[in-house]
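Subject: Structure for you to look at

Hello,

Here is the structure I said I would pass on. Please open it beside this email and follow along.

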Amino acid sequence: MIRVVRVRKSFGAKVALEDLSFEARDGRVTGLLGANGAGKTTALRVVSGLLRPDAGNATVDDVDSGVDREGAQRRLGVVTDESGLYARLTCREQIRYFGNLRGLRGAGLERRIDRLVEALGLEELAERRVAGFSHGERRKVALARALVHDPRNVILDEPTNGLDVMSTRTVRAIVRELRAEGRCVLFSSHVMQEVAALCDWIVVVAGGRRVAQGTAEELVARAGMRTLEDAFVALAEEA
Amino acid sequence: MSLFAAAVVVRKELVDSLRDRRAIVSMLLPALLGPVLVSFVLQQRVVEARSGDQVRIAIAGRDGEALAAWLQQQSGVSVVALRSDAEAAARAHEADVTLEVEEGFARDLARSRPAHVRLFTDSTRAGVEPKARRVAGLVNHFGAELAAQRLIVRGVAPSVIAPIALDRFDVASARQRAALLLNVVLGIVMVTLVTAGMQVATDSTAGERERGSLEALLLNAVPRWQIAVGKWLAATAAALAGMAVAIAVMDAALSRLSLEGLGLRFHLGPRDAMTIFAVMSPLAFLLAAIETGLSCFAKSYREAQGFAAVLILPVVVLGGAFASYPVADHAWVSWLPVIGQYAAASQVLAGKAAAFDAAIGAAAGNLALAALAVWLVARMLSSERMIAGR
């Protein structure tokens with residue numbers, strides 16, 4: 001469960017988040033929908049404790065990430081906007097590195113890596129260095145790395161950005177599986193189809209504020225439009 | 001709190017670097033190139049110092065037979081008679097040194113008037129200066145023998161015109177003379193310390209940030225100081241490895257050179273080599289910490305490399321200052337980085353009593369500064385600028 005309460009964050013004179021509140025519940029996929037520069041990544045960084053809010057707070061399973069960053073991060077798995085892999089390490093080594101950093105070791109960790117590699121269809125790539133991997137393969141490795149410690153809460157920043165159809169399907173399947181396991185999944189996207197296809201709950205962000213929230217159907221109905229895209233444009237302009 | 005996470009970071013950075021050709025090159029190249037360069041320069045000096053032993057002289061002028069015959073008797077000297085112009089012959093490098101005995105040389109000698117000899121060399125030729133000095137000395141010697149004969153003929157003892165006999169002694173032992181060389185060796189070791197850890201320090205901080213992996217790393221519920229310590233120790237390990245290679249190569253190269261011609265002997269042996277390594281190693285910790293810290297301020301990997309490379313300057317300048325000014329006798333000197341290491345290493349190798357204290361002082365000063373720099377790195381890693389400031 002991720003809760004963001006009245007968060008304000010500015011960089012110098014530029015206000016990135018203004019009084020932003022939303023909730024991402026367990027067993028549900030929550031989508032943060034917004035145009036580029038709307039403040040999605042900043043909001044996710046506040047949740048993961050990388051940025052401190054100027055006002056308000058963000059909690060992960062009731063642990064305030066601004067107060068106990070490590071405590072919040074222990075309950076959290078994050079795939080960042082850029083995959084951020086190490087080109088000279090193999091797929092397995094990347095996952096093992098993050099597992100080790102989280103205090104996992106030995107046969108238990110290796111079994112966990114095997115399961116993730118299998119679930120993401122990375123078997124053939126597991127022992128290869130990621131330098132030559134495609135964009136989709138990199139995303140999958142980053143996803144496996146973020147899930148190595150079996151987190152209850154998962155944040156995905158633009159997870160299917162730039163992926164081909166097959167990879168997108170794999171990622172969607174993983175997201176649905178995470179939901180089925182009762183985890184809290186919070187992901188950001190500017191792609192309407194993505195959000196419409198996956199999310200149980202949508203938070204529309206524009207200019208650092210929440211302009212609307214609800215299910216896809218509710219948002220469409222409220223804006224009096226036929227598609228989510230039209231609804232999004234209407235809601236964003238309204239704000 | 002265990003140091004486990006820091007150890008995990010160290011291992012990962014070292015594995016990563018060992019697969020990075022640039023890291024290997026920057027670790028090994030100065031360590032290999034420095035000793036080779038020094039050996040080459042020293043070898044040249046040995047060759048030059050010995051070059052006076054063998055000399056070929058061309059003599060022009062009809063009156064020069066007596067001088068030529070006398071020179072011919074000196075060891076290592078060969079003489080050829082020259083028909084052409086002496087200056088042209090010198091330009092054409094027909095011999096190492098060309099002498100021109102002037103018209104009327106024999107007549108002037110017979111009349112006890114100064115008889116002129118002109119000596120031509122091309123000073124741009126390598127190794128010609130010691131030869132010219134030797135030939136000039138020989139000609140003067142020839143003159144002195146003539147002078148002595150003239151005095152004897154006139155019933156005067158030749159010692160009358162030699163009121164002072166100057167005998168020169170160099171009391172420096174071969175080992176002390178080698179200490180001069182040691183400063184060069186230490187300088188190369190220092191430069192290696194700067195360059196060997198540089199790639200790891202910059203790549204693991206600025207490089208990581210530039211490639212976007214730092215954000216993912218900082219999400220792992222690990223205290224930032226552990227990440228800072230891990231990256232610092234990885235860079236330190238690379239610097240120490242570079243230094244070990246540099247010392248080993250230096251010792252191997254220099255002990256193979258025959259430096260007796262320069263009046264010195266250089267052979268470290270495992271004990272001295274390890275002493276140098278031990279005395280210099282605190283500097284590896286400090287330089288790696290500074291490089292890691294500077295890299296945190298850099299916006300890109302390239303900028304970080306630029307920052308870190310600037311470190312070579314103070315290291316070399318301080319080394320030069322130490323060699324030029326006798327500051328090593330002051331106790332406070334040993335606490336200064338770089339100078340402290342120079343002082344301690346030279347004292348240790350000269351077998352001086354205070355050496356141990358000097359080495360401890362140098363180590364303490366360095367490690368204190370290194371701790372400060374690592375604390376700054378941890379602060380930098382905690383700042384939002386590292387994530388949002390790109």
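Below are my notes, chain by chain, then on the contact between the chains and on a few places inside them.

Please keep in mind that this is a predicted model.

Chain A

Chain A has nine helices and 10 strands. Its radius of gyration is 18 Å, close to the 18 Å that the globule rule gives for 239 residues, so chain A is as compact as a globular protein of that length. The C-alpha trace of chain A spans about 55 × 40 × 35 Å along its principal axes. Of the 239 residues in chain A, 52% are buried. If you take the contacts in chain A with a separation of 6 or more, 66% of them join residues 24 or more positions apart.

Chain B

Chain B contains 16 helices and four strands. Here the radius of gyration is 31 Å, well over the 21 Å that the globule rule gives for 390 residues, so chain B is more spread out than a compact globule. Along its principal axes, the C-alpha trace of chain B covers about 100 × 45 × 30 Å. Buried residues account for 41% of the 390 residues of chain B. Among contacts in chain B with a separation of 6 or more, 75% are between residues 24 or more positions apart.

Where the chains touch

The contact involves 22 residues from chain A and 21 residues from chain B. On the side of chain A that touches chain B, helix H2 (69–74) and helix H3 (91–101) of chain A each supply at least two residues. H3(A) gives the most to that side, with four residues. By type, the residues on the side of chain A that touches chain B are 10 nonpolar, six polar and six charged.

A helix pair in chain A

Helix H5 (residues 135–146) and helix H6 (residues 165–180) of chain A pack at an angle of about 15 degrees, and their axes are 10 Å apart. Angles under 35 degrees count as roughly parallel, which makes H5(A) roughly parallel to H6(A). Their crossing is left-handed. From H5(A), the residues Gly136(A), Arg139(A), Lys140(A) and Leu143(A) meet Ser167(A), Thr170(A), Val171(A) and Ile174(A) of H6(A). The residues of this contact comprise three nonpolar, three polar and two charged.

A helix pair in chain B

In chain B, helix H10 (residues 224–256) packs with helix H11 (residues 269–297) at an angle of about 145 degrees, with axes 8 Å apart. H10(B) passes H11(B) in a right-handed crossing. The residues that meet include Trp232(B), Leu240(B) and Met243(B) in H10(B), and Phe277(B), Met280(B) and Phe285(B) are among them in H11(B). The residues of the contact of H10(B) with H11(B) are 16 nonpolar, three polar and three charged.

One residue in H10(B)

Gly242(B) also lies in helix H10 of chain B. Is Gly242(B) buried or exposed? A residue is buried if 20 or more other C-beta atoms lie within 10 Å of its own. Gly242(B) has 27 C-beta neighbours inside 10 Å, so Gly242(B) counts as buried. Leaving aside neighbours within four places in sequence, Gly242(B) is in contact with Met27(B), Ala31(B), Thr192(B), Leu193(B), Thr195(B) and Ala196(B). Gly242(B) and Ser26(B) are 216 residues apart in sequence, but 8.8 Å apart in space, C-alpha to C-alpha.

Regards

Notes
Residues numbered from 1 in each chain as written. Chains lettered and ligands numbered in written order. Predicted model: local features only at pLDDT ≥ 70, side-chain atom pairs only at ≥ 80, totals over all residues. Contact = placed C-beta atoms within 7 Å. Nonpolar A, V, L, I, M, F, W, Y, C, P; charged D, E, K, R; others polar. Axes fitted to C-alpha atoms, helices over the stretch in contact; angles between N-to-C directions. Left-handed = near helix turned anticlockwise from the far one by under 90°. Parallel < 35°, antiparallel > 145°, perpendicular 65-115°, else oblique. Rg over C-alpha atoms; globule rule 2.2 N^0.38 Å. Buried ≥ 20, exposed ≤ 12 C-beta atoms within 10 Å, placed from the backbone.
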